[in-house]
Amino acid sequence: MYLLPAIDILDGRAVRLAKGDYAQVTVYNEDPVAQARAFEAAGAEWMHVVDLNGAKSGVPENIAVVERILAATSLKVEVGGGVRSLEVIERLAQAGVNRVVLGTALVRDPAFAQAAVEQYGDLLCAGIDAKEGDVAVAGWREGSGVAATDLAAQMSALGYKHLVYTDIARDGMQTGIEREAYERMAAAFGHPVTASGGVASVADIERLAPVAASVEGIIAGRAIYEGTLTVEEGVAACRVASKEASRAD
């Protein structure tokens, strides 16, 4: 289990949305590259990046910013938001991205989702964002009528080995983690999942420790920016949870 501090990029700036609402934007850093450097200096090894412009429009608009982050740091970077073509995946792969998250395309273009995983394999990650168990698409603005657990099982069958599950109702709200949701998703997916949405403090990471075998990583954004969780605390708590899980095995 490891921490992934999050940078959501909107119009070239590091921001956070409340519950995915583009009308509720808080700008935390005008320079995402400087923010990434700060995360690395604090001990992070991974970082989660979302191109919010791309998630909304369907065409990634901040790849150049991601390329600058990769050039300026040694972080492992996971990127999502508007990735809906093999050409975009290839550009991100060439830039040195460690993981590419597909979201809306999983629902709207299953043929692409299959072709992508066949070509890029472990580079890819299924991104499932849900509200009350229903998958949301198009930058969280639309429901899909697909159950999150059903989509997770489908992606596992296609060959996906990584999955980010975001609880939209909790995202950016610092309301705490619902541990059982990630257990359910991991069971449906057949592999550990990355938890996203609701982290308010190190206590939330500790709350996931008993199910660390079901959790690959934990994404935290607003809590870090607003000081209720430090990167150092998060990294340390994830390491402790992983060691305890290893001893339990």
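Helices (H or I, at least four residues) and strands (E, at least two) are DSSP runs, numbered from the N terminus.

## Basis of the model

This is a predicted model, in which local features need pLDDT of at least 70 and side-chain atom pairs count only at pLDDT 80 or more, while totals for chains, interfaces and linings use all residues. Residues are numbered from 1 along each chain as its sequence is written, and side-chain values use heavy atoms, with hydrogens and water left out.

## Val-79 in strand E5

Val-79 lies in strand E5, which covers residues 76-80. Val-79 is buried, at a relative accessible area of 4% (buried means under 20% relative accessible area, exposed over 50% and partly exposed in between, with a 1.4 Å probe and protein chains only).

Apart from neighbours within four places in sequence, Val-79 is in contact with Val-49, Val-66, Leu-92, Val-97, Arg-99, Val-100 and Val-101, where contact means heavy atoms within 4.5 Å. The C-alpha atom of Val-79 is separated by 8.2 Å from that of Asn-98, 19 residues apart along the chain.

## Helices H1 and H3

Two packed helices are described by the angle between their axes and the distance between the axes. Helix H1 (residues 32-41) packs with helix H3 (residues 63-72) at an angle of about 35°, and their axes are 9 Å apart. Axes are lines fitted to C-alpha atoms, for helices over the stretch in contact, and angles run from 0 to 180 degrees between N-to-C directions.

On the H1 side the contact is made by Pro-32, Val-33, Ala-36, Arg-37 and Glu-40, and on the H3 side by Val-65, Arg-68, Ile-69 and Ala-72. These residues divide into six nonpolar, no polar and three charged. Ala, Val, Leu, Ile, Met, Phe, Trp, Tyr, Cys and Pro count as nonpolar, Asp, Glu, Lys and Arg as charged, and the others, Gly among them, as polar.

The buried residues of helix H7 are Ala-148, Leu-151, Ala-152 and Met-155. Seen down the axis of H7, these fall within an arc of 105°, so they line one face of the helix; the arc is that of the directions from the helix axis to the C-beta atoms. In helix H8 (residues 179-189), Ala-181, Tyr-182, Met-185, Ala-186 and Phe-189 are buried. They too line one face, because their arc, seen down the axis of H8, is within 130°. The buried residues of H8 pack against strand E7 (124-131), helix H7 (148-158), strand E10 (163-167), strand E11 (193-196) and helix H9 (202-208).

H7 and H8 pack at about 35°, with axes 7 Å apart, and H7 passes H8 in a right-handed crossing. H7 contributes Ala-148, Thr-149, Ala-152, Ala-153, Met-155 and Ser-156 to the contact, and H8 contributes Arg-184, Met-185, Ala-188 and Phe-189. By class, there are seven nonpolar, two polar and one charged residues. Gly-159 follows H7 and has a positive phi, near 120°; Gly-190 follows H8, also with a positive phi, near 85°.

## Cysteines

The count of disulfides is zero, a disulfide being a pair of cysteine sulfur atoms within 2.5 Å. The closest cysteine sulfur to that of Cys-125 is in Cys-238, 16 Å away, which is too far for a bond. Cys-125 is buried, with a relative accessible area of 1%, and Cys-238 is buried, with a relative accessible area of 1%.

Methods. Left-handed = near helix turned anticlockwise from the far one by under 90°.
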